[in-house]
Amino acid sequence: RKDGIARVKEVFEDALREAPDIYFKFIGAYPQILARVGPDGYRKLPRIDNVPVTFVCGAHSSPMLVQDTIARLTELVSHASTEFIPDSKQWWEVEGKAQMAKVARIMLKVL
């Protein structure tokens, strides 16, 4: 398992070193872009009344980018539920066994 995490870290570090400047400009501006276009985009989405939906996010994921988004989307879905992955910032695949087990339980419940 550590070999897999080390490999993902290495690939990510390499990608960041090679990323063009525009990538970092975009990432820096992303919260402002989201704040400008987000609310109008959500208002245009149709309601979903006949499909159960489970939103899943890390308990420590970004309040503005992830948790607020889920709260808004939940308003558009009649049969929505939200599950939080404990001690997770949203990268549950490498955060630990507890996080992976929670995602597995959620998937079993949904399926």
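Is Lys102 buried or exposed? At 18% relative accessibility, Lys102 counts as buried, because the cut-off for buried is under 20%. The model described here is predicted. Lys102 also takes part in a network of salt bridges with Glu83 and Lys109.

**The salt-bridge network**

- Glu83, Lys102 and Lys109 are linked by salt bridges.
- Lys102 pairs with Glu83, and their closest N and O atoms are 3.2 Å apart.
- Lys102 sits in helix α5, while Glu83 sits in strand β2 (residues 80-85), so this pair ties together parts that are 19 residues apart in sequence.
- Lys109 also meets Glu83 in a salt bridge, with 2.5 Å from N to O.
- Lys109 belongs to helix α5 and Glu83 to strand β2, so here the parts tied together are 26 residues apart in sequence.
- Glu83 has a relative accessibility of 13%, so Glu83 counts as buried.
- Lys109 is exposed, because its relative accessible area is 61% and the cut-off for exposed is over 50%.

**Another salt bridge**

- The count of salt bridges comes to 4.
- One of them joins Asp49 and Arg47, with the closest N and O atoms 3.4 Å apart.
- Asp49 is partly exposed, at a relative accessible area of 44%.
- Arg47 is partly exposed too, at 45% relative accessibility.

**Gln99 in helix α5**

- Gln99 lies in helix α5, which covers residues 97-110.
- Its relative accessibility is 7%, so Gln99 counts as buried.
- A polar atom of the Gln99 side chain lies 3.2 Å from the backbone oxygen of Asp87.
- Leaving out residues up to four places away in sequence, Gln99 touches Ile85, Pro86, Asp87, Ser88 and Trp92.

**The nonpolar core**

- In soluble globular proteins, nonpolar side chains tend to be buried together.
- Which residues make up the largest nonpolar core? They are Val53, Phe55, Cys57, Ile70 and Val77, 5 residues in all.
- Strand β1 (residues 53-58) gives the most to this core, with 3 residues.
- Val77, a member of the core, touches Val53 and Phe55, among others.
- Val77 also has contacts with Arg47, Ile48 and Val51; residues up to four places away in sequence are not counted.

**The nonpolar surface patch**

- Some nonpolar residues form a surface patch of about 790 Å².
- Its members are Phe12, Leu16, Tyr23, Phe24, Phe26, Ile27, Tyr30, Met64 and Leu65.
- Helices α1 (2-18), α2 (21-44) and α3 (63-74) are the elements that give two or more residues to the patch.
- Which element gives the largest share of the patch? That is α2, with 5 residues.
- Leu65, one of the patch residues, is found in helix α3.
- Leu65 is partly exposed, with a relative accessible area of 30%.

Methods
Residues are numbered from 1 along each chain as its sequence is written. This is a predicted model: local features need pLDDT of at least 70, side-chain atom pairs count only at pLDDT 80 or more; totals for chains, interfaces and linings use all residues. Side-chain values use heavy atoms; hydrogens and water are left out. Helices (H or I, at least four residues) and strands (E, at least two) are DSSP runs, numbered from the N terminus. Buried means under 20% relative accessible area, exposed over 50%, partly exposed in between (1.4 Å probe, protein chains only). A polar contact is a pair of N or O atoms within 3.5 Å; within protein, one must be able to donate a hydrogen and the other to accept it, and residues adjacent in sequence count only if both atoms are side-chain atoms. Contact means heavy atoms within 4.5 Å. A nonpolar core is a set of buried Ala, Val, Leu, Ile, Met, Phe, Trp, Tyr and Cys residues joined through side-chain atoms within 4.5 Å. A salt bridge is a side-chain nitrogen of Lys or Arg within 4 Å of a carboxyl oxygen of Asp or Glu. Patches are made of residues with over 30% relative accessible area and no salt bridge: like charges are joined within 9 Å, nonpolar side chains (Val, Leu, Ile, Met, Phe, Trp, Tyr) within 5 Å. Accessible areas come from the Shrake-Rupley method with a 1.4 Å probe; for residues, only the protein chains shown count as cover.
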